[in-house]
Amino acid sequence: MSQTENTSLWREVYAKGVQAAAESLGQAETIELTERYGTHNYHPLPVTIVRGEGPYVEDVSGKIYIDCVGSYSAMAHGHLSKFVVGAAQRQLERLTLTSRAVFTRELALFLQAVCEYTGADMACPMNTGAEAVETAIKLARKWAYTVKGVPSDAAEIIVAAGNFHGRTTTIVGFSSEETYRTGFGPFTPGFTIVPFGDLAALEAAITSNTAAVLLEPIQAEAGILLPPDGFLAATRKVCTAANVLLIWDEIQTGFARTGKRFAWMHEDAAPDMICLGKALGGGLAAVSAVAGRREVMEVFKSGDHGSTFGGNPLAAVIGVAAMAELEVLNLAENSRVMGDRLIEGFRCLQDPAIFEVRGRGLLVGLEVKPGTDIARLTKAFLAEGVLTKETRHRTFRFAPPLTIGPAVVDDILNRVHHALETLPNMGA
Ligand SMILES: *Cc1c(COP(=O)(O)O)cnc(C)c1O
């Protein structure tokens, strides 16, 4: 690194405004700058998006796509929800950041709203999903030492193979994906991995030092994998019997995505703590939180944890607006109905390239058969104006905004049908 003095960039930005400076970049230059100056930890679709509205995004050439990536389910409200944007705009004229050195009315309202929405007693605001998971891990460990009586530094947390909980060093340390881990050790000890959806394995892994079980109720990044029916409720029972905390990571599955407020609500499986993120930010900002039972949450004492931006007034009003819109527009019910229509529609395509269609609500995975040319299919989806990207196991994720109606669902089905038709027939 070196000291730099080039002032033309700053002058241009300051004179024209940031948006005008960005708008002067074409597709090729955008990609060139991103690849030259950015680390290569993502492999984006070759599309430069300039605008969004509802379920649609527009690229730099004016082509319109249906956004089925939906920012990995963070875009539940659709692009530029009027209600959420309006709340943010009014807050931008008033107060945006204070740190937690003082109280704000916005944070007070946010904490109340998170607890009402989740059924929790208390909540701790953060920014990103990974931070929410880290926060839950700290709470679970301190609860184990101070309430359960686990000997110090011996607490264990049980997680599932195929999990995705974020990208910090502690979290990737208990991932079972080699690409997430390789080169980043040494890792935090204290985690036990069991197969996802395997109740006997989970039960067998519990010891007197187990603080918590941390699971996604549906493994989204792993390819939209649903556990066997009854697994969520059975896990709740096992945890209660063993005095072990149950933590659902609902960062991707929460906020109406699966047809209920939270995916655990499909069964009798209320958690002790829940990790929240993504759609809590209303498609505008990074807003996350952990919410849970008082006995667990109150182990945090002054100085135990914190975040400069966590719970800031702008994030707080965005979070409150995001939850209010989901509730008032009954987007959980819409997600259920539209999700059923999408899943049923995919199945009815009976395309020979489709291996399986899985999902709940508008969290849908379309798994194609082994040997399918993934790169070619991705291109065909783009040509048809559908933004979707494969997760693991040849599964394309469809997580469009929860605001879509039947016409958009049918449009997605049509476009996917056409994209699949461009594949060479591999035989049934
Ligand atoms: C996205 C995600 C995270 C991490 O959230 P970030 O905001 O990317 O840190 C954690 N858990 C699950 C289930 C997720 O889908």
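This is a predicted model: local features need pLDDT of at least 70, side-chain atom pairs count only at pLDDT 80 or more; totals for chains, interfaces and linings use all residues.

Tutor: Two strands are said to pair if DSSP finds at least two bridges between them. Strand E9 covers residues 273-276. Strand E8, residues 245-249, pairs with E9 in the parallel sense over 3 bridges. In this pairing, Trp248 stands opposite Ile274 in E9. E9 is also joined to strand E10, residues 288-292, by 4 bridges, and here the strands run antiparallel. Across that pairing, the bridge partner of Leu276 is Ala289 in E10.

The side chains of E9 come next. In a regular strand, side chains alternate between the two faces of the sheet. In E9, Met273 and Cys275 point one way, while Ile274 and Leu276 point the other way. All four of these residues are buried.

Another sheet is open and has 4 strands in the order E1-E2-E3-E13, with mixed pairing. Strand E1 (49-53) and strand E13 (386-387) each have a single partner strand, so these edge strands are each left with one side that has no neighbour in the sheet. Inside this order, strand E2 (residues 56-59) and strand E3 (residues 64-67) pair antiparallel over 3 bridges. Tyr56 stands opposite Ile66 in E3. Helix H16, residues 406-421, packs on the sheet and touches E2, E3 and E13. The direction of H16 makes about 110° with that of E3.

A further open sheet is formed by 3 strands in the order E11-E12-E14, and its pairing is antiparallel. The edges are strand E11 (354-360) and strand E14 (395-398); each has a single partner strand, so one side of each lacks a neighbour in the sheet. From one strand to the next, the twist averages 15°. Strand E12 (residues 363-368) is joined to E14 by 4 bridges, and Gly365 stands opposite Arg397 in E14. Helix H14 (residues 331-349) packs on this sheet, touching E11, E12 and E14, and its direction makes about 170° with that of E11. Helix H15 (residues 374-383) also packs on the sheet, where it touches E12 and E14; the direction of H15 makes about 25° with that of E14.

Helices also pack on one another, and helix H13 shows this with two partners. Two packed helices are described by the angle between their axes and the distance between the axes. Helix H5 (residues 82-92) packs against H13 (residues 313-328) at an angle of about 155°, with the axes 9 Å apart. That angle makes H5 roughly antiparallel to H13. The crossing of H5 past H13 is right-handed. From H5, the contact includes Phe83, Val84 and Ala87, and from H13 it includes Leu314, Val317 and Ile318. By class, the contact of H5 with H13 has 12 nonpolar residues, 1 polar and 1 charged.

The other partner is helix H6 (residues 105-118), whose axis comes within 8 Å of that of H13 and crosses at roughly 35°. This crossing is left-handed. Residues of H6 in the contact include Leu107, Phe110 and Tyr117, and those of H13 include Ala316, Val320 and Met323. The contact of H6 with H13 divides into 12 nonpolar, 1 polar and 2 charged residues. Val317 of H13 meets H5, and Val317 is also among the residues that meet H6.

Notes: Residues are numbered from 1 along each chain as its sequence is written. Side-chain values use heavy atoms; hydrogens and water are left out. Axes are lines fitted to C-alpha atoms, for helices over the stretch in contact, and angles run from 0 to 180 degrees between N-to-C directions. Helices (H or I, at least four residues) and strands (E, at least two) are DSSP runs, numbered from the N terminus. Angles under 35 degrees count as roughly parallel, over 145 as roughly antiparallel, 65 to 115 as roughly perpendicular and the rest as oblique. A crossing is left-handed if the near helix is turned anticlockwise from the far one by less than a right angle, and right-handed if clockwise. Contact means heavy atoms within 4.5 Å. Ala, Val, Leu, Ile, Met, Phe, Trp, Tyr, Cys and Pro count as nonpolar, Asp, Glu, Lys and Arg as charged, and the others, Gly among them, as polar. Buried means under 20% relative accessible area, exposed over 50%, partly exposed in between (1.4 Å probe, protein chains only).
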